[in-house]
Amino acid sequence: MPHSPSSAQRGRIRLARGASPWLLPTVATAALALARARRSRRAAVAAVPATALAAGMLWFFRDPEREIAQGRVLSPADGVVQSIMPWKDGRTRVAIFMSPLNVHVNRAPMAGTVTSVEHVPGGFVPAFNKESENNERVVWHFDTELGDIEMVQIAGAVARRIVPYVEQGTKVEQGERIGLIRFGSRVDLYLPEGVEVAVEVGQPTTAGVTRLDRD
């Protein structure tokens with residue numbers, strides 16, 4: 001059964017694992033600038049953008065608790081459905097674009113066992129661009145009740161690091177956090193042959209909440 005957070009957990013502010021290399025320097029810089037601002041007008045002016053950047057980082061790396069929905073296949077990402085494409089092998093690819101305003105922690109679309117986590121080097125063009133097919137990526141495979149499910153985390157123009165949270169062989173629950181993509185990106189999920197898509201292009205999605213398949 002998916003984990004349902006308590007009301008106290010849902011109200012708590014949580015930050016994404018793997019955010020420290022970006023978050024700590026900006027917060028430290030803002031704190032230093034604010035401390036100096038008390039003694040210098042010039043330092044006070046400099047503290048404004050530093051504080052704004054730190055606040056933006058805290059917002060970007062937020063990782064809220066979720067009430068995991070019911071359904072066979074749930075969205076692995078917050079974002080907007082960018083494309084729905086039939087694949088040659090009978091599967092259907094659902095591509096979800098994640099803007100810098102979205103939560104960038106990705107979740108398991110189904111319960112199962114992680115059978116493969118493969119890092120594939122590549123470029124860093126914008127994730128909404130067709131050339132992003134050759135971007136840096138991490139390819140996941142899950143052994144589920146529907147068989148093999150493939151999910152691909154794709155880096156964007158700014159996202160230079162994908163951080164997996166779990167390893168090959170790990171059993172995951174549906175909606176469990178499995179990784180982070182930093183600063184804008186895309187997640188592709190391949191639905192098995194015979195599974196009907198329940199979302200449309202342009203539809204917003206929420207990781208662990210929006211159902212992607214139809215009964």
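**Figure 1. The open sheet of eight strands.** In this predicted model, an open sheet of eight strands runs in the order E8-E4-E5-E6-E10-E2-E1-E12, with antiparallel pairing. Helices (H or I, at least four residues) and strands (E, at least two residues) are DSSP runs, numbered from the N terminus, and two strands pair if DSSP finds at least two bridges between them. The edges are formed by strand E8 (171–172) and strand E12 (204–205), each of which pairs on one side only. Residues are numbered from 1 along each chain as its sequence is written, and side-chain values use heavy atoms, with hydrogens and water left out. Since the model is predicted, local features need pLDDT of at least 70 and side-chain atom pairs count only at pLDDT 80 or more, while totals for chains, interfaces and linings use all residues.

Figure 2. Strand E4 (residues 112–120) pairs with E8 in the antiparallel sense over two bridges. Within this pairing, threonine 113 has lysine 171 of E8 as its bridge partner. E4 also pairs with E5, again antiparallel, over seven bridges, and here valine 120 stands opposite arginine 137 in E5. Strand E5 (residues 137–144) in turn pairs with strand E6 (residues 147–155) in the antiparallel sense over eight bridges. In that pairing, tryptophan 140 stands opposite methionine 151 in E6.

Figure 3. The structure holds two aromatic pairs. Rings of Phe, Tyr and Trp (its six-membered ring) pair if their centres lie within 6.5 Å; planes under 30 degrees apart count as stacked, over 60 degrees as edge-to-face, and the rest as tilted. Tryptophan 87 lies in the loop between E1 and strand E2 (92–98) and tyrosine 190 in strand E10 (residues 185–191), so the pair ties together parts that are 103 residues apart in sequence. Tryptophan 140 and phenylalanine 142 form a stacked pair, with centres 5.9 Å apart and 5 degrees between the planes. Tryptophan 140 counts as buried because its relative accessibility is 0%, and phenylalanine 142 is likewise buried, with a relative accessible area of 1%.

Figure 4. Arginine 62 is found in the loop between helix H3 (41–60) and strand E1 (79–86). Arginine 62 is buried yet has no salt bridge, and the nearest side chain of opposite charge, aspartate 78, is 5.9 Å away. A salt bridge is a side-chain nitrogen of Lys or Arg within 4 Å of a carboxyl oxygen of Asp or Glu; Lys and Arg count as positive and Asp and Glu as negative, while His and the chain ends are not counted. The side chain of arginine 62 instead reaches the backbone oxygen of leucine 101 at 2.7 Å. Aspartate 78 forms a salt bridge with arginine 66, the closest N and O atoms being 2.7 Å apart. Arginine 66 and aspartate 78 both lie in the loop between H3 and E1, so their pair ties together parts that are 12 residues apart in sequence. Both of these residues are buried.

**Figure 5. Salt bridges at strand E13.** A search of the whole structure finds 11 salt bridges. One of them joins arginine 72 to aspartate 213, with the closest N and O atoms 2.7 Å apart. Arginine 72 lies in the loop between H3 and E1 and aspartate 213 in strand E13 (residues 213–214), so this pair ties together parts that are 141 residues apart in sequence. Arginine 72 counts as partly exposed at 30% relative accessibility, whereas aspartate 213 counts as buried at 2%. Glutamate 196 forms a salt bridge with arginine 214, the closest N and O atoms being 3.3 Å apart. Glutamate 196 lies in strand E11 (residues 196–197) and arginine 214 in strand E13, so the parts tied together are 18 residues apart in sequence. Glutamate 196 is partly exposed at 44% relative accessibility, as is arginine 214 with a relative accessible area of 39%. Salt bridges that share partners also join Arg72, Arg211, Asp213 and Asp215 into one network.

How values were computed:
Buried < 20%, exposed > 50% of the residue type's maximum accessible area, 1.4 Å probe, protein only. Polar contact = N/O pair within 3.5 Å; in protein donor to acceptor, adjacent residues only side chain to side chain.
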